[in-house]
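Let's take a walk through this model together, beginning with the space it leaves open and then stepping back to the whole fold.

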Amino acid sequence: MFGFFRKRSSPAIGPGVEQIVPRIKHRNFERMLEEAGVPEYQRPFTLRFAADLIVTYAFDMPGMFQMLTPADLDRLRLPVEELREVALSNLQREIPDIGMRQGQHVFQVVTGNDLEACVLLADELWEEWSHAFPGGLVAAVPSRDVLVVCDGQSAEGIAALKETIGHVFQKETNHALTKSLLQWTNRRWKEFHPAL
């Protein structure tokens, strides 16, 4: 579903490419590292995603995630252009089954393992699902384990997404992501601004 993964050998020192998975974070993550004085060469590799979200990558280690740095890319001889494909292929092993739980006006994406937000990166999946939403797909991802979508022309659905965001931000502190809504358009996510 996430594309072909070409297996490559990696040096024995340190984690290998088969452990790299994507992580979705708020851009405040970069600001926090800068304010903490983390040297640039030690900071995780990041890419802009949509709205105020960024994509980072990590080695999925037993009991923890070790953030991937530009130095890791050099060590693994892994081109940036191939990083996302590799990470998504590895992620597919962890979440082989992605479910949709239907609510009154929305659908909740279910994966387990607190990886729901990462499903946003599965472009082929969203392109396929988008055909079932005549008004377009709109998503809320207020935390790493909450991803809810609705039809973009459903006022009730949009209201339910906003309500979900409010509930999550009332109780979530460590893993909150964004209050922004996202819209799937032209095979990518962008910030959604509902019509007034």
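What volume does the largest pocket have? The model you are looking at is predicted, and in it the largest pocket has a volume of about 310 Å³. To find the pocket on your screen, look for Ile 24, Lys 25, Asn 174, His 175 and Leu 177, which lie nearest its centre among the 15 residues that line it.

Now follow the strands into that lining. Strand S1 (20–26) and strand S4 (64–67) each supply at least two of the lining residues. S1 gives the most, with four residues. If you colour the lining by class, you will find seven nonpolar residues, together with four polar and four charged ones.

The protein is built from five helices and 10 strands. Its C-alpha atoms fill a box of roughly 50 × 40 × 30 Å along the principal axes. How does the radius of gyration of the protein fit with that of a compact globule? A compact globule of 196 residues would come out near 16 Å, and the protein has 17 Å, so the two agree.

The contacts and the surface complete the picture. Taking contacts between residues at least 6 apart in sequence, 61% join residues at least 24 apart. Of the 196 residues, 44% count as buried, that is, with under 20% relative accessible area.

Terms used:
Residues are numbered from 1 along each chain as its sequence is written. This is a predicted model: local features need pLDDT of at least 70, side-chain atom pairs count only at pLDDT 80 or more; totals for chains, interfaces and linings use all residues. Side-chain values use heavy atoms; hydrogens and water are left out. On a 1 Å grid over the protein atoms alone, a cavity is a set of points where a 1.4 Å probe fits but cannot get out, and a pocket is an open set with protein on both sides within 12 Å along at least five of seven lines; lining residues have an atom within 4 Å of a point. Grid points are joined across faces, edges and corners, and a volume is the space filled by probe spheres set on the points. Ala, Val, Leu, Ile, Met, Phe, Trp, Tyr, Cys and Pro count as nonpolar, Asp, Glu, Lys and Arg as charged, and the others, Gly among them, as polar. The radius of gyration is taken over C-alpha atoms; the globule rule is 2.2 Å times the number of residues to the power 0.38. Buried means under 20% relative accessible area, exposed over 50%, partly exposed in between (1.4 Å probe, protein chains only). Contact means heavy atoms within 4.5 Å.
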